[in-house]
Amino acid sequence: MVITVAEVGALDRSRRNEWTAAVTERAKKFADTDKSGTRVPPFASSMRPRQKLPGGTTGWTPDATFSATRPIDPGGRTIRMLAPATDPSGIAFRCDQADMLAFRTEYEFYYDSSNGGSENEFANGFSIAPSSGSPGDRACHLATQGTAIKMTTASFQFRPADFPQLAMRFRVVKDLEGVDAGKLKKGKNDAALKMWLLLEDTRPGGKRYMFGYWWPGRDVSGHFAPADSLVEALSSRRNLVFSTLPEAWLITIGGQNQIGKWETVQRNLAADVHRAYPGIPVGALKVVGITLQSDSDATRGVTETYFESMTFNRAR
């Protein structure tokens with residue numbers, strides 16, 4: 001932390017007044033929009049009974065966390081691979097529970113060990129919040145204020161080739177500027193919404209890979225990347241001294257004229273994965289983790305996204 005503070009100039013005596021003024025201005029900016037004290041009360045009940053985990057449990061507990069450098073350990077438990085023959089209705093994630101704990105319990109979502117937000121906090125964290133235009137007038141609410149929030153489930157394993165039809169419904173309310181999650185670094189590595197899939201090559205000696213979709217925002221030149229753009233993520237193959245992060249690719253979703261509007265994104269997941277990793281047979285790849293993320297820690301900005309549902313279905 002001391003090194004980081006020094007890098008931004010806080011220990012430079014000649015810049016002390018400049019640093020103090022910048023911190024004061026930023027604190028005022030967040031105070032003007034901050035609803036950190038606003039807790040989202042639970043709904044009276046969930047809209048439906050909790051579905052049984054189709055693949056089995058990882059041994060999830062509400063306070064368990066995960067780290068990008070330490071995969072979730074199922075504790076000797078085997079998660080059943082989902083398949084069209086045994087799971088013809090596909091895989092569905094719906095934000096229609098009474099509160100975020102109920103959502104996380106149903107799908108076994110773990111929080112990142114470095115999360116900067118709080119559960120059920122409206123402006124900085126994850127919650128199930130009132131949402132006009134959603135079933136039951138509720139949805140998952142992802143919000144950050146100069147922070148990063150992330151949650152991951154390892155309880156759903158399936159091949160993109162078996163459930164290629166992906167649909168997500170969401171609404172980005174507060175977006176960022178000067179951002180770029182790719183290797184070109186045309187902005188800070190933040191985004192109002194990212195959905196990641198951790199993939200595993202099931203062939204002998206196969207590695208793990210990351211693939212996902214992201215809402216890009218405007219980069220430093222004011223450009224909003226067109227939908228369907230494929231970029232290598234900034235974190236891809238990043239060396240962390242003790243480990244190296246997996247190769248990671250993202251496809252752009254959404255558009256600058258869609259801010260504040262509900263959007264249903266439909267993708268052919270198998271085709272997208274093959275596009276990102278053409279050298280790997282798509283049938284050899286399986287999903288072993290799913291992550292929802294929003295972050296503004298690099299830009300020190302503010303994000304707000306409503307996420308209603310996500311489904312993976314068989315080929316039509």
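Student: Which residues of helix α3 (residues 100-107) are buried?

Tutor: They are Met100, Phe103, Arg104, Glu106 and Tyr107. Buried means under 20% relative accessible area, with a 1.4 Å probe and protein chains only. Helices are DSSP runs of H or I with at least four residues, and strands are E runs of at least two, numbered from the N terminus. This is a predicted model: local features need pLDDT of at least 70, side-chain atom pairs count only at pLDDT 80 or more, and totals for chains, interfaces and linings use all residues. Residues are numbered from 1 along each chain as its sequence is written, and side-chain values use heavy atoms, with hydrogens and water left out.

Student: Why do the buried residues of α3 line one face?

Tutor: An α-helix has 3.6 residues a turn, so residues three or four places apart point the same way. Here the buried residues of α3 fall within an arc of 160 degrees, seen down the axis, so they line one face. The arc is taken from the directions from the helix axis to the C-beta atoms.

Student: What do the buried residues of α3 pack against?

Tutor: Strands β3 (91-94), β4 (109-112), β5 (125-130), β6 (138-145) and β7 (148-153). Just after α3, Glu108 takes a positive phi of about 55 degrees.

Student: Is Asp201 buried or exposed?

Tutor: Asp201 has 6% relative accessibility, so it counts as buried. Asp201 sits in strand β10 (residues 191-201).

Student: Which side chain does the side chain of Asp201 make a polar contact with?

Tutor: That of Arg203, at 2.8 Å. A polar contact is a pair of N or O atoms within 3.5 Å; within protein, one must be able to donate a hydrogen and the other to accept it, and residues adjacent in sequence count only if both atoms are side-chain atoms.

Technical notes: Buried means under 20% relative accessible area, exposed over 50%, partly exposed in between (1.4 Å probe, protein chains only). Contact means heavy atoms within 4.5 Å.
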